[in-house]
Amino acid sequence: MTLELRNISKINNGQLHIHATNLTLNKGSMNVLLGPTQSGKTSLMRLMAGLDVPTTGQVFWEGDDVTGVRVQDRMIAMVYQQFINYPSMSVYDNIASPLRLMGKSATVIDKAVKKSADLMQMTSLLDRKPLELSGGQQQRCALARALVKDAGLVLLDEPLANLDYKLREELRVEIPKIFEDAGSIFVYATTEPEEALLLGGNTAALWEGQVRQFGLTPDVYRQPIDATTARVFSDPPMNFLKLIKSGDQIFFEDRQSASATGRLLDLPDDRYLAGFRPNHVKLDKGRADSLEFITKLAVTELTGSETFIHLNHQEDKWVGLINGVHNLELGIALSVYIDPRHIYIFSENGDLVAPAAYALAD
Amino acid sequence: MAKITLDNLAHSYFSNPKSDNDFALKEMDHVWADGEAYALLGASGCGKSTLLNIISGLLHPSQGRILFDDKDVTQSTTADRNIAQVFQFPVVYDTMTVRANLEFPLKNRGADPKYIMQRVQQIGAMIGMESELDKRARGLTADAKQKISLGRGMVREDVNALLFDEPLTVIDPHMKWELRTQLKSLHHEFGHTMIYVTHDQTEALTFADKVVVMYDGRVVQIGTPNELYDRPQHTFVGYFIGSPGMNVITAQVAGNTAIVHGLKVPLSQAYDNLGGKVEIGVRPEAITLTEGKGLPITIRRVEDVGRHKIIRAELFGNDINILAHEDQPISTEMSHVTFDKDCINVYVNDWLNCGVPA
């Protein structure tokens, strides 16, 4: 079972909404569409479902061209951000409704509803009405209904966005377990990098209607192909810094220089953009070859186990995420250290030139 | 700015409440200091919005008083309380420009035009909309509209308190960072008394000086982010703060040892023989995987979440979560865990028991 988008694009009101996209999604896979609001996640899902017809290109389902085939005539389940259930029906009837529409027998329905309810931990709630449920339970009910059809393609559009933080955390753990057992193709839209990481599977990083990169989730996270993908897949945002490589030396904006080692040495002399994630900003030197930057501390935020430090470095604003609790004085000059193995090198226009060494280590 | 006193306060949505269960907000006495930033944190239905509505005057409590400084405002209207509010969804005047929206609260109170001009410029810069001040609000994104709401909430300097009801819900993750940081630096600068309702622990912990954790209509703990993290007063706080939350493990405790399924776990404090429901709480960060030392576990799955790994495992048939560093390899030999003894808390019937130095 595969879903293939071949060169599809979408123009709305004369504006290019979705850039030409090629994607192949396989049976039993979880595919995350990660990007900020209005990056094209929902538009892409609508094209996959057949709710919208692409301006160019074709959609193939198991090798058959289904471009323009109506959503009703395909086996697709969708779950939206808003919990959508029939308020007058019990949870049981809500979950059973798609099968009833398909004219399945009562025994088949009963078996499928119970299996799906069990997966979503709804068994004890089958007699309730949706309004007697908490938000999390209502969304589980909608998820159970989506699963019961055994649809080949299940589309989840920010399904957890309206839930409490802790409920979201619990469902994020449950959802990958469910898709591992089901044979369907799952597509899951989210704005949150952490959600993508927790779901695992594959991730497509979206930016302004364009799939910038598609691959295994940890690979896209650790080896983003450009600065835009790195930005989309980093929360807090990735930090950037301009540098010039000349011979065996690199020069940073603050005129600090360092010797070019490893892969950096092989780069042609040019201007580059260095990127590093907030959790790789350190307050102690650690390795001998760590780079030191003198910054000004603007704001600190304590989370209990960790401290976020907001730094001004020349014209750049950086964020560091430090283990433990640090009560630092605001406005002071603060030295921070970056292990060169944690630095990504991008060209001036943002293409990845060299991934961080640590990302290649395993 | 004002100190806020909740005196013997309680609220029920029923006219004749019969038992504790009928109260959305159970009796509480608290004094919140002038100029501090508080976050009300809890799951939906915990009573945090009820409490905020009582403070703002949208709701009159069925019992008790509320004081701003030493003035009883229990029966005062919202307008008389002199507060600013920002809601979950943007409230802006679509036909007006961004500038006119921001000026509105100041013009209403007849502020000096020169001051208005300068203050609006300052707020515009703070919300990053300086260049859009003369655009109409209509047609702006939800993000931008919410920034206007935030800006308007903060435009007056003479309010008693600033109340925020989940103001960043509609904002993109990247923008959340920026706005929260701006709110924070604004608080440093002006020292407003701020109350911020949220169900998001990161937002609560990063924003507030003191976090008020609510559970089932009660305040279960008021503390600094540190205190909530290190010494949760109630197992709910341990679960709610931290991601994943604290592991709670059934144990017997005597002296400076906990017994988990017959195996000894050393503790840093000493305890009397504890009765009732006794549990130890250990954060996933305070657990180390070993190849034989400590308690036996079975690893179920390892989740790579970027900067660390979450190990989902089983300990004597119960789920246990363990955090490991991004660089730490996880091998199949890892069959046991040890706990950092300084990070183990002991709970009796869900409440923290501090013990005595061992």
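Predicted model: local features only at pLDDT ≥ 70, side-chain atom pairs only at ≥ 80, totals over all residues.
**Entry 1: two helices of chain B**

I began with helix H2 of chain B, residues 98-108, and helix H3 of chain B, residues 113-126, and found that they pack at an angle of about 130 degrees, with their axes 10 Å apart. That angle makes H2(B) oblique to H3(B), and the crossing in which H2(B) passes H3(B) is right-handed. I then looked up which residues meet there: from H2(B) they are B:Arg99, B:Leu102, B:Glu103, B:Leu106 and B:Lys107, and from H3(B) they are B:Ile116, B:Arg119, B:Val120, B:Ile123 and B:Gly124. Sorting the residues of this contact between H2(B) and H3(B) by type, I noted five nonpolar, one polar and four charged.

**Entry 2: a sheet in chain A**

Next I traced an open sheet of five strands in chain A, whose order is S15-S19-S16-S17-S18 and whose pairing is antiparallel. I reminded myself that strands of a sheet pair through backbone hydrogen bonds, either parallel or antiparallel. Which strands stand at the edges? They are strand S15 (281-282) and strand S18 (316-323) of chain A, and because each has a single partner strand, one side of each is left without a neighbour in the sheet.

Within this sheet I followed strand S16 of chain A, residues 291-302, and strand S19 of chain A, residues 333-338, which run antiparallel and are joined by six bridges.

**Entry 3: where chain B touches chain A**

Moving from the sheet to the other chain, I saw that helix H5 of chain B, residues 173-190, lies across S16 and strand S17 (306-313) of chain A, and that this helix runs at about 75 degrees to S16(A). For the two chains as a whole, I noted 30 residues of chain B in contact with 29 residues of chain A. The elements that give two or more residues to the side of chain B that touches chain A are H5, helix H6 (201-207), helix H7 (225-230) and strand S17 (298-304) of chain B. Which element gives the most to that side? I found that it is H5(B), with six residues. By type, the residues on the side of chain B that touches chain A divide into eleven nonpolar, twelve polar and seven charged.

The peptide bond from A:Asp235 to A:Pro236 is cis, with omega near 0 degrees, and I placed A:Pro236 in the loop between helix H8 (227-232) and strand S11 (239-246) of chain A. In chain B, a cis peptide bond joins B:Ser243 and B:Pro244, with omega about -5 degrees, and B:Pro244 lies in the loop between helix H8 (235-240) and strand S11 (247-250) of chain B.

I then turned to phi. A:Asn13 is not a glycine, yet its phi is positive, about 50 degrees, and its place is in the loop between strand S1 (2-12) and strand S2 (15-26) of chain A. Is A:Asn13 buried or exposed? A:Asn13 counts as exposed because it has 5 C-beta neighbours inside 10 Å, and the cut-off for exposed is 12 or fewer.

A:Gln38 is not a glycine either, and its phi is positive at about 65 degrees. I located A:Gln38 in the loop between strand S3 (30-34) and helix H1 (41-49) of chain A, and with 16 C-beta neighbours inside 10 Å it counts as partly exposed.

Notes. Residues numbered from 1 in each chain as written. Chains lettered and ligands numbered in written order. Axes fitted to C-alpha atoms, helices over the stretch in contact; angles between N-to-C directions. Helix = DSSP H or I, 4+ residues; strand = E, 2+ residues; numbered from the N terminus. Parallel < 35°, antiparallel > 145°, perpendicular 65-115°, else oblique. Left-handed = near helix turned anticlockwise from the far one by under 90°. Contact = placed C-beta atoms within 7 Å. Nonpolar A, V, L, I, M, F, W, Y, C, P; charged D, E, K, R; others polar. Pairing = 2+ DSSP bridges. Buried ≥ 20, exposed ≤ 12 C-beta atoms within 10 Å, placed from the backbone.
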